[in-house]
Amino acid sequence: MLPIDYPNTKKNIMKNTIITILAVFAFTVAQAQEKSKGNVEATFLVEGVCGMCKDRIESSALHTKGVKFAEWNKKTKELKVVYNAKKTSEEEIHQAVADRGHKTPMIPADSSAYSNLPACCQYEHGAKCSD
């Protein structure tokens with residue numbers, strides 16, 4: 001029968017404990033960094049009708065500094081955005097979309113931008129989508 005080598009067993013236990021502590025620490029730091037980035041998700045209604053509206057709405061949101069993701073759903077008329085709250089606000093995103101002619105619950109559409117929308121995009125005049 002071989003004798004048990006206790007010093008090596010203690011070393012292995014100590015090594016495994018240190019590795020576990022380091023792994024937990026690394027995970028905690030990664031989570032803290034994600035939160036410190038200040039990313040916020042928001043969903044709000046935006047008036048629109050067609051695929052051109054979708055492109056315009058998403059583009060105006062994405063061109064707002066700090067916006068990382070924007071997707072407008074034609075059926076629900078909801079715009080989902082992910083943005084860095086340290087660089088922009090939800091109100092600024094609403095404003096960017098309204099400046100391009102699409103009203104939101106927070107900000108009415110810019111009237112001159114709305115009147116310059118293609119006929120198929122003029123949602124207040126009963127425009128119907130063909131796509």
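**View 1. Leu-45 sits in strand β1.** Strands (E, at least two residues) and helices (H or I, at least four) are DSSP runs, numbered from the N terminus. This is a predicted model, in which local features need pLDDT of at least 70, side-chain atom pairs count only at pLDDT 80 or more, and totals for chains, interfaces and linings use all residues. Residues are numbered from 1 along each chain as its sequence is written, and side-chain values use heavy atoms, with hydrogens and water left out. Is Leu-45 buried, exposed or partly exposed? With 44% relative accessibility, Leu-45 is partly exposed, the class between buried (under 20% relative accessible area) and exposed (over 50%), using a 1.4 Å probe and protein chains only.

**View 2. Leu-45 has partners from elsewhere in the chain.** Beyond residues up to four places away in sequence, Leu-45 touches Thr-76, Lys-77, Glu-78, Lys-103, Thr-104 and Pro-105; contact means heavy atoms within 4.5 Å. Lys-77 lies 32 residues from Leu-45 along the chain, yet their C-alpha atoms are 5.5 Å apart.

**View 3. Here is the largest nonpolar core, with 20 residues.** Such a core is a set of buried Ala, Val, Leu, Ile, Met, Phe, Trp, Tyr and Cys residues joined through side-chain atoms within 4.5 Å. Among those with the most contacts inside the core are Val-46, Cys-53 and Ile-57. At least two core residues come from each of β1 (39-45), α2 (51-62), β2 (67-73), β3 (78-84) and α3 (90-99).

**View 4. Helix α2 meets helix α3.** Ile-57, Ser-60 and Ala-61 of α2 are in contact with Ile-93, Ala-96 and Val-97 of α3.
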